[in-house]
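Here's a quick briefing to go with the structure you're about to see. Take a look at it, then read on.

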Amino acid sequence: MSQKIADMAPLFFVIAGLITLIYFLYQRNKVMLMFFQQEGYDGKRYLGWWARNKAFDIRASALLGVSLVYPPLHFMAPLGPLWGGLISRKYLKTAKKPLVMTERAKRIFHISLILTVVYWIAIDRLIGREMPYWYLVFVLIGLQLPPFTILCANLLLSPAEKRVKNKFRQEAVDKLAQLNPTIVALTGSYGKTSTKHILHHILSAANPTLMTPGSVNTEMGITRIVRENLKPEHDYFIVEMGAYGPGSIARLCRLTPPHQGVITAVGMAHYERFKSVDTVFGAKFELAEAVHQAGGTVTVHTDAIPERLLKPRLEADSGDYLLVGDQRNGYQNGIDLLSVTEKPDGLHLTIKLNGGYQQKPAAGANNHSDGASSTVQGQAEDSTGAKTHQVFVPIYGTMQADNIICAIGCALSLGYPMPVIKAALKDMPQTRHRLEYTPPAGRAGILDDAFNSNPVGFEAALDTLSVVTPEGGRRILITPGMVELGERHDHEHHRLGTLAAKNCDIVLVITPDRIPAFINGIEEAEGQNKPEVMTFETQQAGQDWLNANAGALDVILYENNLPDLFEQRIVF
C-alpha cells in the first residue's frame with residue numbers, strides 16, 4: 001500500500017500544482033484589473049505605476065523556482081502559486097477602492113484569462129519538459145504575465161469598445177436634442193464639484209434640475225447619466241467637465257453643448273498631465289468658446305486664474321463673461337466678494353453686485369417662464385447698480401466662498417433673482433466628503449475632506465479645523481498628502497506642513513515616504529507648540545489609532561483618501 005501511495009505522489013503534486021497555478025492566475029489577473037481600473041483604464045499611467053512600484057511577482061516565483069530546481073523540494077511546488085494567489089486575494093478584499101466588475105471590466109478580465117491559458121498551453125506544447133531549465137524560465141515569465149495580459153486584452157477590445165462608446169454617445173446626443181434642456185457646464189482645476197452641488201441646490205429651488213453626480217466628469221460617465229437619468233421634466237442639466245488633456249473639454253462640449261458655463265480655477269491640480277499652467281488655461285477655456293457660440297455667459301473666478309493669461313483673453317474675446325472674486329482688477333460685469341467669515345454654524349459672506357452687471361434671461365435651449373425666471377420682474381434693485389448682500393450658507397471652508405459666488409453668478413445669468421438665491425443657500429446641505437462637518441456628540445467630531453484634495457482646499461480645511469474644534473478638544477489631522485502636483489509636490493507639501501503645525505495638535509501622516517517635505521514643514525515651522533506627528537503605512541492603520549485614542553471633544557480632519565495604488569507599495 002505504501003509503495004502504491006508513493007507511486008501516486010507525483011501525480012498528486014502535479015494536480016495540486018495545476019490547481020494552485022489556476023488559482024494564482026485567476027486572482028492575479030483580477031487584482032491587476034483592479035489597479036488598471038483605478039488608473040481609469042489608462043495603459044500608460046498603469047504601466048508607470050507598475051514600473052514605479054515594481055509590482056511583479058516575487059514570492060510565488062521564488063518559491064516555485066526553488067522547488068522546481070532542487071528535486072528534494074519538488075513537493076513544495078504547489079505552495080508558491082497558492083501563496084501568490086492568497087496575497088492577491090488579500091489586496092482585493094482590503095482595497096479602499098474595490099474592483100467594480102462593470103461590463104467593460106468583465107470583458108477585459110475574460111479575454112485576459114483566455115490569453116493566459118493560451119500562453120501556458122503554448123509553452124507546454126511547444127517547449128515540453130525535456131529541457132527543464134528553459135521550461136522553468138518560461139514558467140516564471142508566465143507568473144509575471146497578468147499585468148500585460150490585462151493591457152493586451154484592453155487593446156484587443158478597443159475597437160469593440162469604441163463602437164459601443166460611439167453607440168451610447170449618439171444615443172445621449174439624440175436624447176439631449178429631443179429633450180432640449182438648458183445645459184450648464186462647469187470646469188476648473190479645483191472647486192467644480194462643490195460649485196456644481198451649490199448651483200444645483202439653487203436651481204432646484206424653482207426648476208427641476210439634473211446634475212452629473214459625485215465626480216462624474218468624463219465622456220462615458222456623462223453619457224451614462226444622460227441615457228439613464230435625464231427626464232423630460234428637467235429644465236436644467238448641470239454637467240461637470242474634467243480636463244485630461246488639450247481638446248478633452250471641447251469634446252465634452254460637443255457631447256453636451258453648453259448654454260452657460262462656469263470656470264472655477266486654473267491651477268496646478270493637473271500639473272502632471274499638462275506640464276504648464278498655460279496649457280491648463282487653454283484646455284479650460286475651451287468651455288468658454290463653446291458657451292459663446294451658443295450666445296451664453298461664462299462665469300469666471302478671477303482670483304484663481306493667473307491675470308497674465310486671463311486679461312489678454314478677456315480683451316480679445318467678444319463673448320459675455322461674468323467675473324466673480326475679490327481681485328477683479330477693475331473689470332465690470334460681475335460680483336465682488338467683500339468678506340467671508342467662518343463660524344461654527346457655517347459661512348457668512350458679504351458680496352456686491354457690480355454696477356456693470358445687468359441681470360437678464362439666459363441664453364438657453366428652453367425659455368422657462370415659470371419658477372425663478374418668472375420672479376425676475378420687480379427685483380431690479382437686486383440686479384442693477386451696486387447692491388450689497390449678506391449671504392449665509394451652512395457649509396464650511398473659506399475656499400467655499402469662491403464656489404458660492406461662482407454658483408451665484410451663474411444663477412444670476414440664468415435669470416434667478418438674489419432673494420431666491422439667498423433663500424436657497426440658507427438651507428444648503430453639506431456635500432459628502434468635501435469638508436463635511438459632523439460636530440462632536442459623545443464621540444470625536446469629523447471634518448471629512450476625503451475627496452479631491454488640492455493645495456487651496458487643504459489650506460482652508462486646516463483653518464476650518466481650528467474654527468470648529470470646541471474648547472478642550474484636540475485638532476487632529478490624518479492625511480496621505482496630495483497627488484498630481486508634479487514639480488510642485490515638495491514645495492506645496494512643505495508649505496502646508498508649516499500651516500498644519502499652526503492648526504493641529506496631532507498629525508497622522510499616511511505613506512510618509514511619499515511626503516517627507518510635509519513632515520519637514522511641520523518640524524521646521526516656527527513656534528513652540530508643535531503638533532505630535534505619527535506615521536502610518538496605510539489609512540486603516542491610522543484609523544485604528546484614531547478609534548483607540550480620539551476623545552469625545554476632539555475633531556478629526558480627514559484630508560484626502562488616496563486609492564490603493566497611491567497609498568502603498570504593493571508587494572506581491
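Over residues 1-9, how many contacts beyond four places in sequence does the model have? It has 0 there, and pLDDT stays under 50 over residues 1-9; pLDDT is the predictor's confidence in each residue, from 0 to 100, and contact means heavy atoms within 4.5 Å. This is a predicted model, where local features need pLDDT of at least 70, side-chain atom pairs count only at pLDDT 80 or more, and totals for chains, interfaces and linings use all residues. Residues are numbered from 1 along each chain as its sequence is written, and side-chain values use heavy atoms, with hydrogens and water left out.

**Confidence**
- Mean pLDDT for the protein is 85, with 86% of its residues at 70 or more.
- Residues 367-385 also have pLDDT under 50, but here the model has 41 contacts beyond four places in sequence.

**A mixed sheet and its helix**
- Helices (H or I, at least four residues) and strands (E, at least two) are DSSP runs, numbered from the N terminus, and two strands pair if DSSP finds at least two bridges between them.
- Six strands make an open sheet with mixed pairing, in the order β10-β11-β15-β12-β13-β14.
- At its edges sit β10 (436-438) and β14 (532-536), each pairing on one side only.
- β11 (residues 445-449) and β15 (residues 555-559) run parallel, joined by 5 bridges, and D449 has E559 in β15 as its bridge partner.
- Helix α19 (residues 516-524) packs on the sheet, touching β12 (475-479), β13 (506-510) and β14.

**An enclosed strand**
- Strand β5 (residues 297-301) is largely enclosed by the rest of the structure, because 5 of its 5 residues are buried.
- T297, T299 and H301 point one way from β5, while V298 and V300 point the other way.
- β5 pairs in the parallel sense with β4 (residues 260-263) over 3 bridges, and 5 bridges join β5 to β6 (residues 320-325), also parallel.
- T299 has a bridge partner in each neighbour: V262 and L322 in β6.

**Two helices crossing**
- The axes (lines fitted to C-alpha atoms over the stretch in contact, with angles from 0 to 180 degrees between N-to-C directions) of α7 (residues 146-179) and α10 (residues 248-255) come within 9 Å and cross at roughly 55 degrees.
- R169, A172, V173 and L176 in α7 meet R251, R254 and L255 in α10.

Technical notes
Buried < 20%, exposed > 50% of the residue type's maximum accessible area, 1.4 Å probe, protein only.
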